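Have a look at the structure first, and then read on.

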Amino acid sequence: MITAIVLIKTSVDRIPEIADEIAALENVSEVFSVTGTYDLIAMVRVPRHENLADVIPGRISKVEGVLGTDTHVAFRTYSQHDLEAAFAIGLDA
């Protein structure tokens with residue numbers, strides 16, 4: 001699974017509506033409203049690298065009010081939550 005972190009600039013008067021629209025898109029797992037240079041951050045997960053073009057410029061960028069995106073593709077995922085779940089397999093609670 002390929003994960004992309006998409007930083008999104010939007011029209012500030014529609015941030016909640018834009019976030020809801022993006023969150024409803026297939027392959028978007030989370031959308032965060034944030035402070036700073038960008039208004040939203042979306043987590044996109046796709047099976048193949050080529051699918052990123054369908055999701056990011058193909059759908060996210062076409063949502064009304066999206067002014068621009070900056071995409072970062074993850075090389076590897078590190079998560080304490082995932083490690084804890086893996087070590088708990090087979091243990092009785």
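## Starting at threonine 10

Let's begin with threonine 10, which is found in strand 1. Keep in mind that everything here refers to a predicted model. Is threonine 10 buried or exposed? Threonine 10 counts as buried, because its relative accessibility is 3% and the cut-off for buried is under 20%.

Which residues surround threonine 10, leaving aside neighbours within four places in sequence? The contacts are Ile15, Ile18, Asp39, Leu40, Gly65, Val66 and Leu67.

## The overall layout

Stepping back, the chain contains three helices and four strands. Along the sequence they follow the pattern β-α-β-β-α-β-α. Of the 93 residues in the chain, 29% are buried.

Taking contacts between residues at least 6 apart in sequence, 65% of them join residues at least 24 apart.

## The sheet and the helix across it

The four strands form an open sheet in the order 2-3-1-4, and their pairing is antiparallel. At the edges are strand 2 (28-33) and strand 4 (66-73), each of which pairs on one side only. On average, neighbouring strands of this sheet are turned by 20° against each other, with direction ignored.

Zooming in on one pairing, strand 2 and strand 3 are joined in the antiparallel sense over five bridges. Valine 31 stands opposite alanine 42 in strand 3. Helix 1 lies across strand 1, strand 2, strand 3 and strand 4, and runs at about 165° to strand 2.

## The nonpolar core

How many residues does the largest nonpolar core have? That core has 20 residues, and those with the most contacts inside it are Ile8, Ile22, Val28, Leu40, Val44, Leu52 and Ile60. Two or more residues each come from strand 1 (2-10), helix 1 (15-23), strand 3 (40-46) and helix 2 (51-55). In soluble globular proteins, nonpolar side chains tend to be buried together.

Not counting residues up to four places away in sequence, valine 28 touches Ile22, Ala23, Ala42, Met43, Val44, Val55 and Ile60. Leu40 also links back to the opening, as one of the core residues with the most contacts and one of the contacts of threonine 10.

Asparagine 27 is found in the loop between helix 1 and strand 2. For anyone checking backbone torsions, asparagine 27 has a positive phi of about 80° although it is not a glycine. Asparagine 27 is classed as partly exposed because its relative accessible area is 26%, and that class runs between 20% and 50%.

Aspartate 54 lies in helix 2. Aspartate 54 is also partly exposed, with a relative accessible area of 43%. How far apart are aspartate 54 and asparagine 27 in sequence and in space? The two are 27 residues apart in sequence and 9.9 Å apart in space, C-alpha to C-alpha.

## Aromatic rings

What does a search of the whole structure find in the way of aromatic pairs? The search finds zero aromatic pairs.

Note on methods:
Residues are numbered from 1 along each chain as its sequence is written. This is a predicted model: local features need pLDDT of at least 70, side-chain atom pairs count only at pLDDT 80 or more; totals for chains, interfaces and linings use all residues. Side-chain values use heavy atoms; hydrogens and water are left out. A nonpolar core is a set of buried Ala, Val, Leu, Ile, Met, Phe, Trp, Tyr and Cys residues joined through side-chain atoms within 4.5 Å. Buried means under 20% relative accessible area, exposed over 50%, partly exposed in between (1.4 Å probe, protein chains only). Contact means heavy atoms within 4.5 Å. Rings of Phe, Tyr and Trp (its six-membered ring) pair if their centres lie within 6.5 Å; planes under 30 degrees apart count as stacked, over 60 as edge-to-face and the rest as tilted. Two strands pair if DSSP finds at least two bridges between them. Axes are lines fitted to C-alpha atoms, for helices over the stretch in contact, and angles run from 0 to 180 degrees between N-to-C directions.
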